[in-house]
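Here is a short briefing on one structure.

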Amino acid sequence: MSAGETVPSTSERGSGLQVETNALNPIAESERKGRPRDLFWPWFAANVSVLGISYGSFLLGFGIDFWQATIVGILGIVISFLFCGFIALAGKRGSAPTMVLTRAAFGVRGARLPAILSWLLTVGWETVLAVLAVLATATVFTQLGWEGGIATKLVALLVVAALIVAAGVFGFALIMRLQTIITIVTAVITIVYIVLVAGHVDLGAVAALPAGPFPNVVGGFVFMMTGFGLGWVNAAADYSRYLPRTVRSSGVVGWTTFGSALAPIVLLVFGILLAGSSAKLSDAIGADPIGALATILPTWFLVPFVLVAVLGLVGGAVLDIYSSGLALLSAGVRLPRPVAASVDGVIMTLGAIYVVFFAGDFIGPFQGFLITLGVPIAAWCGIFLADILLRRRSYDERDLYDRRGRYGDVRWLPVALVVVGTAIGWGLVTNTYASWLSWQGYLLDLGLGGRDGAWAYANLGVLAALVVGFAGTLFTAGSVRRQEALPLSQEGPARDSAAALGASEPSGARSDAGPDASSGARSGRPSGR
């Protein structure tokens, strides 16, 4: 494609089997289509995984009873996904990926900090979901009397990785079609699974579970937030950016939240009933969260179960790899978007190989990963939510790519809020799950009982980071007002082939690399692409 040539519109591309050429560039008005309810399909498919049932065991592991687990589980899921709904609004308003829109708060290059955090989180989740799919396949094969050892795990990993990477490379159109299929298939088979294993629920055993103290309840609530919505907030605008600006904002928030939260709530409550009925099953879930659920199934349903398990996990992973590629580009790496997705796929595969073949436990590293990255992501989320709340006008798309525009180069206050929120947050969480995280919790000695006290596992650091980011941004509302007092750029951002394939800014926009050091002249288009 020659310079200055525009990206083909969705109608021109036609088939979802064509590689998407949009990357960090704003989505053209001709390509923005659909309705808010279209957001239901990708978000439901990404969260309908039977892993949601395993969260019932994870939550009871905090030493709380059925009603406590149910209440904090539902609240944690709904509130955290409501954050996703609000962030999806930014996508409708600004027509760019989440990590580009956050430049309005952090500055054009300052936003590379949350972009790096976002990349780490999404690649981590890709790896987790791929690992679970491989372990589930191996367990089911073993139960069927087939080979479930190294060869099976390798083949399963290759197939799962190929599906995830392919979807990430082809991009938005294929992902939306794939998620619709995954939603229907997984929903139907999951309902059948629930019916088949419902007989294993022992209401007497569940009712006998002892209630836990308040700090344990808080810890369970925060864990659910980090395991669900806070794991998606950094990608929430990546899919709403294709919607027309004229759609109702309440519909964007509502359908994102509803589609994301519906399946996890149903699966979690059933998972609490299952795990509370059998301590043996609950312990087995800690080692193999998906495969353990297959051990209580009749043999004839094992193949459909592994199908729904793998599809559900792939449904989440394809959104992650798509958004991780965009985050990698937003962090300043200059690659075509499909190549960025492929790089993330290689890292995901290597990480999955380590966990499947060399790590001795799953739930320990998993919880350590969630809480450690959950703290800085919570700080960023608080900042971005407050920034969205304060804004009354649409984003200036052109200035999102111009470090000398209204949003600036690096806005140090939001960067400082992430650093301070993270420092406070890590001081208020403990991670005994991994020895290399034993340094965390250094603030718990300040009146909270220390690393072995009642509040040690309440994960207060995630909430503290969220509050620091949100409140700190609200106190600086004047900076948003000053940005919005400036007139919007008259020129819309033109898109050349470099921008379409993953450049950091559109052609014709002033480069976020800034003026030439010797002459001060503006660069008409990004260099080094």
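Which residues line the second largest cavity? In this predicted model, the lining consists of Ala 105, Ile 383, Asp 387, Leu 390, Arg 411, Leu 413, Pro 414, Leu 417, Thr 473, Thr 476, Ser 479 and Val 480. Helices α18 (363-390), α19 (412-427) and α21 (477-485) each give two or more residues to that lining.

**Cavities**

- The structure holds seven cavities of 30 Å³ or more.
- The largest cavity has about 190 Å³ of space. Its lining comprises 14 residues, and the closest to the centre are Ala 46, Asn 47, Leu 51, Trp 125 and Gly 227.
- At least two lining residues of the largest cavity come from each of α2 (40-47), α3 (51-60), α7 (112-143) and α16 (302-330). Helix α3 gives the largest share, three residues.
- By class, the lining of the largest cavity has seven nonpolar, six polar and one charged residues.
- The second largest cavity has about 70 Å³ of space. Its lining has seven nonpolar, three polar and two charged residues.

**Nonpolar surface patch**

- Trp 41, Ile 184, Val 188 and Val 192 make a nonpolar surface patch of about 330 Å².
- Helix α9 (residues 172-197) contributes the most to this patch, with three residues.
- Val 192 sits in helix α9. Its relative accessible area is 31%, so Val 192 is partly exposed.

- Ser 95 is not a glycine, yet its phi is positive, about 55°. Ser 95 lies in the loop between α4 (66-94) and α5 (98-101). Its relative accessibility is 0%, so Ser 95 counts as buried.
- Asn 459 also is a residue other than glycine with a positive phi, near 55°. The loop between α19 and α20 (460-474) holds Asn 459. Asn 459 counts as buried because its relative accessibility is 3%, and the cut-off for buried is under 20%.

**Salt bridges**

- The structure holds eight salt bridges.
- Arg 245 is in the loop between α12 (237-240) and α13 (249-277), and Glu 29 is in the loop between α1 (10-13) and α2, so the pair ties together parts 216 residues apart in sequence.
- Is this pair buried or partly exposed? Arg 245 counts as partly exposed at 31% relative accessibility, and Glu 29 counts as partly exposed at 47%.
- Arg 391 is buried at 4% relative accessibility, and Asp 387 is buried at 2%. Asp 387 is also one of the residues lining the second largest cavity.
- Arg 406 and Asp 396 are both buried.

Conventions:
Residues are numbered from 1 along each chain as its sequence is written. This is a predicted model: local features need pLDDT of at least 70, side-chain atom pairs count only at pLDDT 80 or more; totals for chains, interfaces and linings use all residues. Side-chain values use heavy atoms; hydrogens and water are left out. On a 1 Å grid over the protein atoms alone, a cavity is a set of points where a 1.4 Å probe fits but cannot get out, and a pocket is an open set with protein on both sides within 12 Å along at least five of seven lines; lining residues have an atom within 4 Å of a point. Grid points are joined across faces, edges and corners, and a volume is the space filled by probe spheres set on the points. Helices (H or I, at least four residues) and strands (E, at least two) are DSSP runs, numbered from the N terminus. Ala, Val, Leu, Ile, Met, Phe, Trp, Tyr, Cys and Pro count as nonpolar, Asp, Glu, Lys and Arg as charged, and the others, Gly among them, as polar. Patches are made of residues with over 30% relative accessible area and no salt bridge: like charges are joined within 9 Å, nonpolar side chains (Val, Leu, Ile, Met, Phe, Trp, Tyr) within 5 Å. Accessible areas come from the Shrake-Rupley method with a 1.4 Å probe; for residues, only the protein chains shown count as cover. A salt bridge is a side-chain nitrogen of Lys or Arg within 4 Å of a carboxyl oxygen of Asp or Glu. Buried means under 20% relative accessible area, exposed over 50%, partly exposed in between (1.4 Å probe, protein chains only).
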